[in-house]
Structure formats: structure tokens, C-alpha cells
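Dear colleague,

Please find the structure below, handed over for your own work. My notes on what was found in it follow directly after.

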Amino acid sequence: MTAENTIMINGNTLSFEPGETILDVARKNSIDVPTLCHLKRANPTGVCRICVVEVEGAHKLQASCATPAVAGMVILTESNKVIEARKLIIQLMLSSGNHNCAIRGHAGDDWTAFQLQVQKSDDSDELCPVWGDCQLQDLAYRYQVSSDPMLETQIPYPMETVNPFIVRDFSRCIQCGRCVQACNEVQVNLAIDFGYKSGATKIVAADDKPLKDSDCVFCGECVAVCPVGALVEKDARYKVRPWETQKVRTTCTYCGVGCQIYLHVKDNQVVKVTGVEDALPNHGSLCVKGRFGNDFIHSPERLQTPLIKENGNFREASWDEALDLVANKFSRIKNEYGSDSLGLLTSARITNEENYIAQKFTRATLKTNNVDHCARL
Amino acid sequence: MAGLAAAFGSGAMTNTIADIEEADVILITGSNTTENHPVLSSFVKRAVTHREAKLIVVDPRRIKITQFANQWLRPNLGTDVAWLNGMMHVIINENLYDAEFVEKRTEEFDALRETVDKFSPETVETITGIPAEDLQAAARLYAGAKTGSILYCMGITQHTSGTDNVKSLANLAMLCGYLGVRGGGVNPLRGQNNVQGACDMGGLPNVYSGYQAVDNPDVAKRMEGAWGIENLSTKIGLKATEMIPKAHDGELKALYIIGENPLVSDPDLNHAEKSIANLDFLVVQDIFMTETARLADVVLPARCFAEKDGTFSNTERKVQRVRKAVEPPGEAKYDWEILCDISSRMGYAMSYANSEAIMEEIRKVTPSYAGITYGRIENEGLHWPCPNEEHPGTQILHRDQFTRGKGLFHAIDYTPPAEKTDDEYPLYLTTGRLLYHYHTGTMTMKTEGLNERAPESFVEISAEDAEGYSLKSGEIVKIASRRGEITARLKVSGKAVSGTVFIPFHFAAAAANKLTNAALDPVSGIPELKVCAVKLSKAA
């Protein structure tokens, strides 16, 4: 290690590669610097400034996500100055909207009045829909920031609920811009951007149209990266709290990309689907079908028992009866007309193990190679 | 798949999905990538916008991905061999090809050169409608890169010349030496989650798992040993698209259909329905009462993916875990469990403790999967071939040599599509999927939000054609081919190019496949779902 490619963070000398930011070096060495706007796989913007650090010799605190490491830098990530700055940022964010997480503070009637107003806006008597699953709330706890409002904030934009998948709650938006980057730099759907600058900023689609009338394709990448409660899955909002669910990792069942997903399960129901970050091939990204198209799992139309057709109508049957019937019919046709009068279409939807058994059954039991699937269709 | 296997010795995607982002030039053809493989399309879009990779899209519709393209070539339907030969004509004539690669790694180049020599850009223009100078520019763009990746899908394969189309793509990539390297390759995008796995596992009439030929007596003997039986058939079986006519003729008596809905997805549905009704016995095993299941004698309820342990193999040959998250409804069972039960009742006992036990058997009889255990893929899947437990898997195929040894050029002449437009049927019809639905809609149509986004079938038409017929967007129209007719709402769209209309095939109520042509590619048995001739009129 030479001085040419080292910096010092909190008293530790650490090496860096050219092009790495202070944040990169800190993360590589398990030094926890909080971030909100920083989004992996996108260019850092430094807009939220929660990741500021103190760099010896610099006049101002530096956003670590956007400041390249320079040899010889001496950096403090949790100095008093840094902590004071972060507290101020957090408090400004908390008082900028409907952040009714009841973290601390709010003396006297202020809280009640605030809570009642938010409840009305949310049409719910619960705390924030992402309570317990919010990076701003986590930071407020970490730095023990009061949620007493610093200034009276009017939310100029109403909630958007007119599309089937995503609720856009501008009252909770901290304008970190992660959704804008996710849409433009990660998924490259180019559907949303910052609009109405200077004090009245809003994340807009097209010319401030509802998402459903814009270029939005409802991949939900914006929901996945929103650090607060501004973008939430419509179906899961207020219905699913993270501590009530278990996450099971599996592979998406739609196209051949094989996205890695978590099924969030509550009371034997899949209530939400998210992508597995840091896993190939999708790095957490999903499409509208994979993220929002899994209602079929619990559809009341699912087949539940074997059915046998009699006089043109189906009736329920036991497994024993149905399987005996199939086995007898196939055996009889095989004996009468030969094995090649039988065929099986296996499926590109079922598992490898099941496809293997399907062809083994056809070849070893039916004694024919008449097995295929819909690869051609 | 047959086309790639003939050229390279393996029919699968040569490179990985992540690899696409490293290509210098990407050629997409016959793939509506942003709608059918949305997450994969982001790799392409990022390569173009962040890395300034070049993108060439060749597609009959002005699909979304064309907005990211440096060049969009619009060929007449079913003329792919012609423009591909034309590109190679330019590349060879202008000496832009990788002579060293061609010399060392391939064979039959002279035959290719002789054939493509006939396909001057001007000749190609008369066949494809692609202006000669555009074709030249695309050829130079593709051949001028360090590496190039070709992505294709059913728009290439669902033609009577589908195998020829794929061989031509293989020719083009070999000519430029874009194989066995990162960011290169010929990459068929698989439309269904486990098409790759169904093929790998021997869900095909000509091969056992791992593409071991059924007509090879040595293979049959080995499988007989592994399975403890005798007399495995060495006669190649019927393809799905051959089973239907055989059912019609009465030669196929009984059919067992698992998780498929041919009564919406097959071409020329009226014929398919008659054929299936002609069977003595039909079993359908599915998660829903599909259009096909309604015709069955016995319907068996299966678990869906969220209720199963197992593996899927994705389009990049990566074997990944599927895990059970919830209990199945009612008495639904594993597909493998049902088949084992029937097999045992028919006198050949099959029984496994769980899916992992089946994978252990798969590994023993499938060399390309031999090294893949559940333990190894707990966190991260493995790309086959993976011949032993120490092997890291194979991300890029054909690195030092092709699976078949040398890459084989195929000299291919252009043959027009099976059906052409005429005075009675003056428009071309092509079919495909929409972003918001999946295949026959059995699953996606259970989500209200998806139905809200894409509620019904439609006929996509250019503004010019609509005007020609004096029809307005939103009107209900009748559309007919020589095989059937449907009614659907007209949708004037910038995606459509005059002379060609598009209908999504998801919707049983206005099934595009009542119109499509069942003419097959002679090798792959894939029907020509992407081209047929139709006529259009205002619905009465």
C-alpha cells in the first residue's frame, strides 16, 4: 500500500482504485455511511446530501457518493459536524410531508392534529403504509431526530391512485430522485422525470399525466427503489407489513429470463413480489407481469380436484378413481393400437424434474417417443 | 433450435444475459424485446444509452425498441433469408469479415460465398423492401464492431423458413467471428420460463435429456440400464405440430397434455379443435380449466410454481431453484407425482422422495447436468454444460471450438412464405404477444390490473391503411383468412407499417390463431404463425 492510492477514513488507512468515490471505499471496508438518493447502477447525483462526510481541508461537508477518492484525503464519517448536518436534513425531510411514523417529539396537540390530517389524506387510521420499512424512518431513529415540524408544509399535489398497480403519494415524496434514475438509467423506460422546479418540484410522467396515460410500463422499479412511502404497490398498501410476511426466494414463472424473485407470504397467500437485489440475471429488476401479475396463484378458479367427464359434463372424482381411469385407458389403447397411438405434450411451464419424469413416463411406460412441448408455438 | 444445432452443434443461447450489455453492436430481429422480455430489454437499452453500443433492429413493426436503434430495417414479412444474405454479400464484398476466424473455426465458407453472391443489395431490395443503402449501412455497422450480439425470437422461427432463418443468423455471426467471446453470440430468447429446461430434459420427440438421440441404439441401451427396463423405442416420435394432424386422421388415439393450451396457441384453431375432438381419450393436467381442458375426458389439478420445489433453466442455460412458498389449493399435486402414480398403475413403478431425488437421477443420465446439485445452486444458478461437481458451469459456448468441432456455414437460398397476399386477401397478418399478457392469458387474465391495461384483442393497423378502408380507430372490424374469421376492435397505431396488420394471440374470444397458417417448417415443425394473408372489413 502506498500513499498514492490511499485515503484515511475514521483513522484507518484504506486503499482505493481510481474512479472510486469516498462512499465506494467506505462500503468496501464495511464503514456504514447512510444514503437515500444513491442508487446502485446509476450515476450518483448527491442530491439528498445525507451521505455527507467531513474531508479535512474542505470548506464544506462533501457528499461521499459523488466525491471521488483523492490520495491523501482524511475523512470523518460520523463527526459532530456530520451528525448535526444529517439531523437537519432528516428533520427537514420529515417535516416536508405526511411522515406520520410517530418517531419522537411532537409535543402536545400538534401530533393529534397532524395525525388526523394525515389519516384523512390516507383514508386509513393506521400509521404510514411503509412504517417499519422506510429508510427515512430508520435514519430518524438512528440519529434520534424529532419529527416536530420545522415549518408548515402544504402538499400541493394530490395522491394518484388511478392506475391498477402503483399508488403515488406525493405527500411522502422526499424528492431524492431514485425513482427517476431507476426509470431512466436502470430500466431505461424514460417515463418519469423531475417537473415544476424551484420549490414546487414534483416527479412527473409525460406532461404531468397519470402514469396510466404516460410511457410507464408498470415495471415497478420505482416502487422497489423508493426509500420512503411515496411509491407503494396498490394491492399491498396497508395490507402487508413486512414483519407479518415471510420471503421465499424463487424463479419467476413468466418469460425465459428467469428473474430471481421473493414471494412475500402471509397466511399462506402470496401478497407481494419483489426482485432479488444483487442476484443475476435481473439485479432486482422485474416487469409488470412478474411483479404484479401473480393473482392467478390464489384464483378461486384454480382446479382443486380431479374431474371426470360423464355425458358431456365434468364431475369431481377421487385421485384413485381418476388415475385408475387414465392408467386403464392408456393401457387398453396401447394394447389395442400400439404405443405410437399415444402421445404426451409436456410443458415449458413446469419444472425440469417434472419434464424429465414426463419424458421418462412417455418413453419407459407408454413406450413411445411421441413427447413434445410448445417450444414451437 | 434445429438451425443453431446444425451450425454450432448446440441449439441454445451461446452467451449470457449479462453479456449483452458488453456488446459493441446488437442486432435484434424478430423479437419485440421490450414487451416479451422486458427485463432483458433493459440490458440492451443500457448498452445503447450508457455505453453507446450500436443497435440494429430488423422487424416488420415499429416496435418500441426501434426508438433506441441506430438503424431500423423494415423487411417484408417472411423475407429474412434475403436480407441476411444481402448483409453477408456486402460484408464479403467489402472484405469486412473475420478471415482468420472463418479459416480456422469454420467450414463450407465457399458454398456460402457462392450463394450470397446472388444477393446484391439491389436484388434484396426488390424482395424485402429494405432500401439497398440501408442494408449496406447495417452490414457495415454490424461487421465493423469489435463484438456483436444477435438476439432473436419467434419472429425468426415461426416461419416455414424458420430453420433457414436461424442458420442464416449463425452464418452472419460466424462470418464476423463474433462467437465464443463476451458480448457476442447468437442468442435465441426463450419465451416461456422453462422452454430451455423442457428441451434439456428430453421433452422432445427425438432426444432424451441432454440431447441424446433416441435413434442411437447405444443411448437407448444406456437409458434402459439406468431405468431398469427393456425395449425403449428407437423410432423418432411425433412433434406437437404433427400429433394434431395424426389425431385428425385417427392414428393418434390418446393424448396427455400438461400445462398447455393448444386450443388458443396453435395455428389454424378450427382444424386443431376438430383434431383434438377426434381423440379417443384426452387427459389434461393443468392449474386452470383452459379452453383445451374443456375438451378433456379427465382433468387433473396440478400445483403452480409457487407451490413447488424444483428447478427451471432460463434462456441463458442457467439452472435456477424454484421453491415452494405456499400450500397448493385443494388436492392439487406435483406434475411429477401424478405421472409417477399413473406409471406405477400401468406396471412400471416410479417413485421419488422429492424433486431433489429426481435431480439426482437427471444428473446420472444427463452429462451436461452432471455437476448441478441443489446444494451448488442454493444461492446462484449454474449454466450448463456443467459436467462434474467441480466444474464452474459454462457461461459462453463455443469458446475454443464449436460443440460440433468446426462451425458449419449453410448456403441458403431464399424461399418466400407459404402464403402470399392476393386480390381477395390483400393484407399481411403477423401475430405476437403484448406486455401485459402472457401466451394464452390463462394466468395473466386473473390479474384485474393487467386486464385493465390490455382488456381485449385488437387489430393494429397503420393510419394510412385505416384511411384506405375508411375505418376509424375503435371500430369493430371483421378480419378473415382462408381458414377462419374473427371480429376485433381496430387500433390505429404508429407501430404498424402499411400493408401489414398485427393481432395479439392471447385472447380466446378473438383468437388470432383462427386465422394463422399451419404450414410447417420442414425441419423444426414450427408453424408459420408470423405470416398469413387476410382481408378486412367493417363488422356488420
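Strand S13 (residues 307–310) of chain A pairs with strand S11 (residues 298–301) of chain B through two bridges, in the antiparallel sense. Within this pairing, Ile308(A) stands opposite Val298(B). Please note that the model is a predicted one.

The contact between the chains involves 110 residues of chain A and 155 residues of chain B. About 11,200 Å² is buried between chain B and chain A, and carbon and sulfur atoms give 63% of that area. On the chain B side, the residues that lose the most area to chain A are Phe305(B), Arg345(B) and Met346(B), which together make up 6% of what that side buries.

One salt bridge joins the side chains of Arg302(A) and Glu307(B), with an N to O distance of 2.8 Å. Across the interface of chain B and chain A there are also 66 residue pairs in polar contact, both residues being at pLDDT 80 or more. The residues of chain B that touch chain A comprise 79 nonpolar, 39 polar and 37 charged.

Chain A also contains an open, mixed sheet of five strands in the order S2-S1-S5-S3-S4. Its edge strands are S2 (12–15) and S4 (62–63) of chain A, each pairing on one side only. Strands S3 (residues 52–55) and S5 (residues 74–76) of chain A run antiparallel and are joined by two bridges, with Glu54(A) opposite Leu76(A). Helix H2 (residues 80–94) of chain A packs on this sheet and touches S3 and S5 of chain A. The direction of helix H2 makes about 155° with that of S3(A).

With kind regards

Key:
Residues are numbered from 1 along each chain as its sequence is written. Chains are lettered from A and ligands numbered from 1 in the order in which they are written. This is a predicted model: local features need pLDDT of at least 70, side-chain atom pairs count only at pLDDT 80 or more; totals for chains, interfaces and linings use all residues. Side-chain values use heavy atoms; hydrogens and water are left out. Two strands pair if DSSP finds at least two bridges between them. Helices (H or I, at least four residues) and strands (E, at least two) are DSSP runs, numbered from the N terminus. Contact means heavy atoms within 4.5 Å. Axes are lines fitted to C-alpha atoms, for helices over the stretch in contact, and angles run from 0 to 180 degrees between N-to-C directions. Buried area is the accessible area (1.4 Å probe) that two parts lose on being put together, summed over both. A salt bridge is a side-chain nitrogen of Lys or Arg within 4 Å of a carboxyl oxygen of Asp or Glu. A polar contact is a pair of N or O atoms within 3.5 Å; within protein, one must be able to donate a hydrogen and the other to accept it, and residues adjacent in sequence count only if both atoms are side-chain atoms. Ala, Val, Leu, Ile, Met, Phe, Trp, Tyr, Cys and Pro count as nonpolar, Asp, Glu, Lys and Arg as charged, and the others, Gly among them, as polar.
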